[in-house]
Amino acid sequence: MNFDVQQIRKDFPALHQEIYGRPLVYFDNAATSQKPQVVIDRISEYYRTINSNVHRGVHHLSQQATDAFESSRNHIQQYINAQHAREVVITKGATDSINLVASSFGQKYLKQGDEVIISSLEHHANIVPWQVICEKTGAQLKVIPLTESSTLDLQAFQKMLNKKTKIVAVGHISNALGVVNPIREIIEMAHDFDIPVMVDGAQGIVHEKVDVQALDCDFYCFSSHKFYGPMGVGVLYGKTYWLSAMPPYQTGGEMIKSVTFEKTTYNDLPFKFETGTPNVADVIGFESAIKYIEDIGIAHIKTYEDDLLEYGIQKLKAIDGLRILAEGAPKAGVISFLLKDIHPYDAGTIIDKFGIAVRTGNHCAQPVMDLLEVPGSIRASMAFYNTREEIDRLVEAILKVREMFA
Amino acid sequence: MNVEDSAAQIVKEFSLFDDWMDKYNYLIEMGKSLPLIDEKYKTDQYLISGCQSRVWVSAELVDGKVVFKADSDAVITKGIVNLLIRVFSNQPPEDIIDADLSFIDEIGLKEHLSPTRSNGLVSMIKQMKLYAVVFKTKLKDQGA
């Protein structure tokens, strides 16, 4: 198909507005993406028609809502090529998914003296849950260091793997820097020691095709809202073997088979991990987002985004005094930079006045900012609806910032 | 100048600018001209939490008036804290506690009062008023 960005932009109503009298440039996609009209319509249609609680009622509406809900799960399964629908657990978001793994896996498998490996590039969401479970169980948290080019040091990782290592939890693409991690190699290396790997794919699934069977990851976590779907929905993919072995995360209704005051039997997968009424409307809305992405094709999206990123890097690099973080590393979707010694907060405040949404600060990844010895950065994160003209607008704003703080 | 006069003076200065860029340029100038805090105050004890940039505020009581000093690693934040210092510093604690801060809205910086701005203006104001409360109590104790 022909990739026509102007045509695609028409599908996203929120892109068409003025901020401080200028057309919005939305470069905060790594925080959350905008939503296509089909997603917005689907959510609204759900509430106007089949709204009812799922997996419970025998009545017609409840069955329709359940069918739509399970259809979304099946679609997610197909999209990531999971072997079974039961391996797709619906959560509140990637953070919720990671907490589930850390808590349930940790409770079952971690004990005093064991080790958990994460990386230097992680988002706080893939640091803190592991810190907490390590504290509870007496396990130790180990961190894969960075090479000089801000990629993960695989040689060091190789040496960290040992009999005490119980799980490796690593991001697919770094949210703060956009660095694409070699997860394939990491998974292979860990599997040589029979160690399972959880991939935080919150940024990963957005920018490239994810096939969980080909990757052979044991868990893959992501959020709907960064992937053009609604907020409040996430996915935990887990191999049946692990999900069956792990104890429930939260308890209550829906996740049970039978309850007496003496004993409760838990439901089958994936329901064992889905307690309470789920966010039905948004889970269904997420299916529309996936269909929308499939219609365009993630391969087309990747080609366009890589080209746009390259254009952006070249344009920004040409600005005197601008420094791109992790410049040499393989990247997707993100340019994280600093401008001379101007504080990111100062730069972001002025860039905002140009109607351009960028993120400033440590991007919930304080450890990597500390490692790079920067107070944070300015992050422009792109989606396939962004354009070269928008990059030019960003360049114009950056030049103004440089002038104002000279 | 009392609190009210200082605030009125700032409103007057900002009324000269029609567009945001001039306002921010002025704020940047004010940031650069902020009397800097002594390095010894740049510790966690004086750090205002809730800011994306780091801001330190110190206060001391001189002849019954509170003298504030501040610094930040971001210039716009320094400009903003300088505005607060011009209004609050060298004022009796009571006046600081009762100060009306509608001038921030009037000069078109209301957006900085929103909690999502994370520049900590709200936290700065809170901390400065808190200092004033402490000094007021101290003065009362001395008087008694």
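Predicted model: local features only at pLDDT ≥ 70, side-chain atom pairs only at ≥ 80, totals over all residues.
Close-up 1. Angles under 35 degrees count as roughly parallel, over 145 as roughly antiparallel, 65 to 115 as roughly perpendicular and the rest as oblique. Helix α13 (residues 344–353) and helix α15 (residues 388–404) of chain A pack at an angle of about 130°, with their axes 9 Å apart, and the two helices are therefore oblique to each other. In this pair, α13(A) passes α15(A) in a right-handed crossing. On the α13(A) side the contact involves A:Ala347, A:Ile350 and A:Ile351, which meet A:Leu394, A:Ala397, A:Ile398, A:Val401 and A:Met404 of α15(A). By class, the residues of this contact are eight nonpolar, with no polar and no charged ones.

**Close-up 2. Helices α2 and α11 of chain A.** Helix α2 (residues 37–48) packs against helix α11 (residues 280–296) at an angle of about 150°, and their axes are 8 Å apart; α2(A) and α11(A) are therefore roughly antiparallel to each other. The crossing of α2(A) past α11(A) is right-handed. Among the residues that make the contact are A:Val38, A:Arg42 and A:Tyr46 of α2(A), together with A:Asp282, A:Ser288 and A:Tyr292 of α11(A). The residues of this contact divide into ten nonpolar, two polar and two charged.

**Close-up 3. The largest cavity.** The count of cavities of 30 Å³ or more comes to two, and the largest cavity has a volume of about 60 Å³. Its lining is formed by 13 residues, of which A:Asn29, A:Ala30, A:Val206, A:His207 and A:Met382 lie nearest the centre of the cavity. Sorted by class, the lining of the largest cavity has six nonpolar, six polar and one charged residues.

Methods
Residues numbered from 1 in each chain as written. Chains lettered and ligands numbered in written order. Heavy atoms only, no water. Axes fitted to C-alpha atoms, helices over the stretch in contact; angles between N-to-C directions. Helix = DSSP H or I, 4+ residues; strand = E, 2+ residues; numbered from the N terminus. Left-handed = near helix turned anticlockwise from the far one by under 90°. Contact = heavy atoms within 4.5 Å. Nonpolar A, V, L, I, M, F, W, Y, C, P; charged D, E, K, R; others polar. 1 Å grid on protein atoms, 1.4 Å probe; cavity = no way out; pocket = protein on both sides within 12 Å on 5 of 7 lines; lining within 4 Å. Points joined across faces, edges and corners; volume = space filled by probe spheres on them.
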